[in-house]
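Here are my notes on this model, as numbered points. They take the ligand site to begin with, then the sheets, then the helix contacts.

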Amino acid sequence: MSAVGYPAALEASGLSKRFKTVDAVSDLSFTVPQGSITGFLGPNGAGKTTTLRMLLGLVRPTAGSATVTGVPFAELAQPARVVGAVLDSLSLHPNRAALGHLLVYAAAIGLPDSRARAVLALVGLEQSAHQRVGTFSLGMRQRLALATALLGDPQILVLDEPANGLDPEGIAWLRDFLRAFAGSGRTVLVSSHVLREVEQTVDRLVIVSEGRLVYQGGLDELRRSRQGRVLVAASDPATLAIALAATGITDAQVLPDGRLAVTGAELDTIAAIAHPAGVRIFGATAEPVDLEQVFLSMTSGRYAAGYPQGQAYGGPR
Ligand SMILES: Nc1ncnc2c1ncn2[C@@H]1O[C@H](COP(=O)(O)OP(=O)(O)OP(=O)(O)O)[C@@H](O)[C@H]1O
């Protein structure tokens, strides 16, 4: 249940899945609020697909529960109208045309043929309606899979690694599409193992590593919780580092190009410390936070400290 009293679009509570000797997912809890675009991030094998399959009632959890709009998927009266999913490359009949494929699926969930044409237009494939699917590029297949998920006009979209195989133009198209979809109050959960792929699309993140939660919260919160570095070209970087350390600014590293990379201080402060130490500053560049690096450090177990306050954190491994 969300803080304001209506159910989350998707919710995992203590979800665990063990395959024989493999703990694919361990005690995983997170929420996907309605109206959000939530990125589900983790390296390959982190348990993302298994978790999505549990949310959609395709895999039975070993422990814990998963709900869609507050109820288990199996209890949804009209699941196709609530949640649409693209989990793996659709098994497509190569000789069937795109429209023909959609007509079969539309009929299966009791929708009129006009809906098949409408979703084809939504994903920009109307020109290819009569083209055989066997001749489709990977990007076109992804769009057709998305069109299939959209047939029931669902409130929630769940996409597993939809950017795989897309060129930059395809990724930009997907970003615009998902934003428009969520702009009308609907919800998206999109998985990826590359934060950069979804960074411009999502507003929230759920990050998993080895089946466990390592972060859930806002993308901006995560960015704000990390400080960028100031790269300083100075007459004597070592002396400057010592002078900074004497004032408590201890995170300063000399880079291979001779500049000093300082974390935790603004340039004005650094300059004010350099001057009395007899160090001249020739130039400085502010380096923004590289979220991909933050993500990699969180999921490789090397990250040491500084998790945002109040965020769920699965603990060091
Ligand atoms: N049916 C299965 N039987 C046995 N092991 C499985 C099964 N499905 C997944 N696993 C294992 O569970 C772990 C998590 O896999 P999962 O596919 O959920 O991760 P993922 O984060 O989606 O990774 P990827 O991006 O590589 O698909 C892996 O170690 C995987 O080998």
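1. Ala, Val, Leu, Ile, Met, Phe, Trp, Tyr, Cys and Pro count as nonpolar; Asp, Glu, Lys and Arg count as charged; the others, Gly among them, count as polar. On that basis the shell around the ligand has four nonpolar, seven polar and one charged residues. Keep in mind that the model is predicted.

2. Which residues surround the ligand? They are Phe-19, Val-22, Ala-24, Gly-42, Asn-44, Gly-45, Ala-46, Gly-47, Lys-48, Thr-49, Thr-50 and His-193. Two elements give two or more residues to this shell: strand E2 (22-32) and helix H1 (48-55). H1 gives the most, with three residues.

3. E2 also belongs to a sheet. Three strands form this open sheet, in the order E2-E1-E4, and the pairing is antiparallel. E2 and strand E4 (63-68) stand at the edges. Each has a single partner strand, so one side of each is left without a neighbour in the sheet. Neighbouring strands are turned by 20° against each other on average, direction ignored.

4. Now the pairing in detail. Strand E1 (residues 10-19) is joined to E4 by five bridges, and the two run antiparallel. Leu-10 stands opposite Val-68 in E4. H1 comes back here: this helix lies across E1, E2 and E4. H1 runs at about 120° to E1. For the ligand site, then, the two elements to look at together are E2 and H1, which each give two or more residues to the shell.

5. There is another open sheet to inspect. It has four strands in the order E11-E12-E10-E13, with antiparallel pairing. Which strands are at its edges? They are strand E11 (252-254) and strand E13 (281-287), and each pairs on one side only. The twist averages 20° from one strand to the next.

6. Within that sheet, look at E11 and strand E12 (residues 260-263). They pair in the antiparallel sense over three bridges. Val-254 has Leu-260 in E12 as its bridge partner.

7. Two helices pack on this four-stranded sheet. Helix H9 (residues 237-246) lies across strand E10 (229-234), E11 and E12. H9 runs at about 170° to E11. Helix H10 (residues 267-274) touches E10, E12 and E13. The direction of H10 makes about 35° with that of E10.

8. How do H9 and H10 sit against each other? Their axes come within 9 Å and cross at roughly 105°. Angles of 65 to 115 degrees count as roughly perpendicular, and H9 and H10 are therefore roughly perpendicular to each other. Leu-240, Ala-243 and Leu-244 of H9 make the contact with Ile-270, Ile-273 and Ala-274 of H10. The residues of this contact divide into six nonpolar, no polar and no charged.

9. Next, helix H3 (residues 98-108) and helix H4 (residues 113-122). Their axes come within 8 Å and cross at roughly 130°. That makes H3 oblique to H4. The crossing is right-handed. On the H3 side the contact uses Ala-98, Leu-99, Leu-102, Leu-103 and Ala-106. On the H4 side it uses Asp-113, Arg-115, Ala-116, Arg-117, Val-119 and Leu-120. By class, this contact has eight nonpolar, no polar and three charged residues.

10. H3 has a further helix contact, with helix H5 (residues 138-150). The axes of H3 and H5 come within 10 Å and cross at roughly 25°. Angles under 35 degrees count as roughly parallel, which makes H3 roughly parallel to H5. This crossing is right-handed. Ala-98, His-101, Leu-102 and Tyr-105 in H3 meet Leu-144, Ala-147 and Thr-148 in H5. By class, the contact has five nonpolar, two polar and no charged residues.

11. Please check Ala-98 and Leu-102 when you review H3. Both are listed in the contact with H4, and both are listed in the contact with H5.

Methods. Residues numbered from 1 in each chain as written. Predicted model: local features only at pLDDT ≥ 70, side-chain atom pairs only at ≥ 80, totals over all residues. Near = placed C-beta within 6 Å. Pairing = 2+ DSSP bridges. Axes fitted to C-alpha atoms, helices over the stretch in contact; angles between N-to-C directions. Contact = placed C-beta atoms within 7 Å. Parallel < 35°, antiparallel > 145°, perpendicular 65-115°, else oblique. Left-handed = near helix turned anticlockwise from the far one by under 90°.
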